[in-house]
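Please have the sequence and the model open.

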Amino acid sequence: MNMKHNAPSSPADSYPVPPFPHQKQPFPGLAGKMNPRPDHGETSYRGSARLLGRKALITGGDSGIGRAVAIAFAREGADVAINYLPAEEDDAREVIDLIRAEGRNAIAIPGDIREEEFCKKLVKQAVDGLGGLDVLVNNAGRQQFCESIKDLSTEDFDATFKTNVYAMFWITKAALNYLTRGASIINTSSVQAFKPSEILLDYAQTKAAIVAFTKSLAGQLGPEGIRVNAVAPGPYWTVLQCSGGQPQEKIEQFGANSPMGRPGQPAEITALYVTLASAC
């Protein structure tokens, strides 16, 4: 008897490829309005209890990689608090519902992490709501392209650094009042830290700073049993790109020059965050 086996589909063929439709949203944008809509693992991610009982705070947890990580953490057994801007409430509500659908505790904390006092309150509110804190994911980011340094205002430069670097510093410092041996801090850097685009002058600098911050802090906290790591994604299909992160002509061909000829989907990178957050 001849047996016919269907070969598994290649990852390269699993998701949409460029060209993508023309689309533009005001910052910070909503994932629910993207075309095609990103895969954050809403239906595709399957957990295996790797984070059972862990308590995590994720900034930028409403969309993009942060949303995918929140979904994955909940399906791995973690209770999750997410931070996001008030304008992102529609996306955040979907994430909260998905976390609760897994029977996990979900805490929604809107607010602007460019403000130091809010960052302190964010951590305290997450700890109070979750009953502790084991995992911190510094993921929220601001990316707004600018063709020339001559057009890059101090206000925009400051906003990018406040969101991507200062907030990470403030939130991590506050979280260390609660993190104990076995805890994990995971920062989201970018390929831009190593191969900066000329139109992302300020953003690329912040992502390089995150790498240095991670290495230094890992040295400080390693003896205390707290792990500090960073993930540096390449081009991923997130709302960050179509809400000012890239010009429209680049959006339409976004990810075309990557090895698989398409951008990554948020769901494809979550396994890294799960591994780094796990206790073993």
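**Sheet, helices and cavity**

In β4, leucine 136 is the bridge partner of leucine 57. The model is predicted, so local features need pLDDT of at least 70 and side-chain atom pairs pLDDT 80 or more, while totals for chains, interfaces and linings use all residues. Residues are numbered from 1 along each chain as its sequence is written, and side-chain values use heavy atoms, without hydrogens and water.

Sheet
- Strands β1 (residues 55–59) and β4 (residues 135–138) run parallel and are joined by three bridges; strands pair if DSSP finds at least two bridges between them.
- Strands (E, at least two residues) and helices (H or I, at least four) are DSSP runs, numbered from the N terminus.
- The open sheet has six strands in the order β3-β2-β1-β4-β5-β6, with parallel pairing.
- β3 (106–110) and β6 (227–231) are at the edges with a single partner strand each, so one side of each has no neighbour in the sheet.

Helices
- Helix α3 (residues 116–130) lies across β1, β2 (79–84) and β3, at about 165° to β3.
- Helix α5 (residues 201–221) lies across β5 (184–188) and β6, at about 165° to β5.
- Contact means heavy atoms within 4.5 Å; angles, from 0 to 180 degrees, are between N-to-C directions of axes fitted to C-alpha atoms, for helices over the stretch in contact.

Cavity
- On a 1 Å grid over the protein atoms alone, a cavity is a set of points where a 1.4 Å probe fits but cannot get out, and lining residues have an atom within 4 Å of a point.
- The largest cavity is lined by 13 residues, with Asn138, Ala140, Thr163, Asn164 and Met168 nearest its centre.
- α4 gives the largest share of this lining, five residues.

Notes: On a 1 Å grid over the protein atoms alone, a cavity is a set of points where a 1.4 Å probe fits but cannot get out, and a pocket is an open set with protein on both sides within 12 Å along at least five of seven lines; lining residues have an atom within 4 Å of a point.
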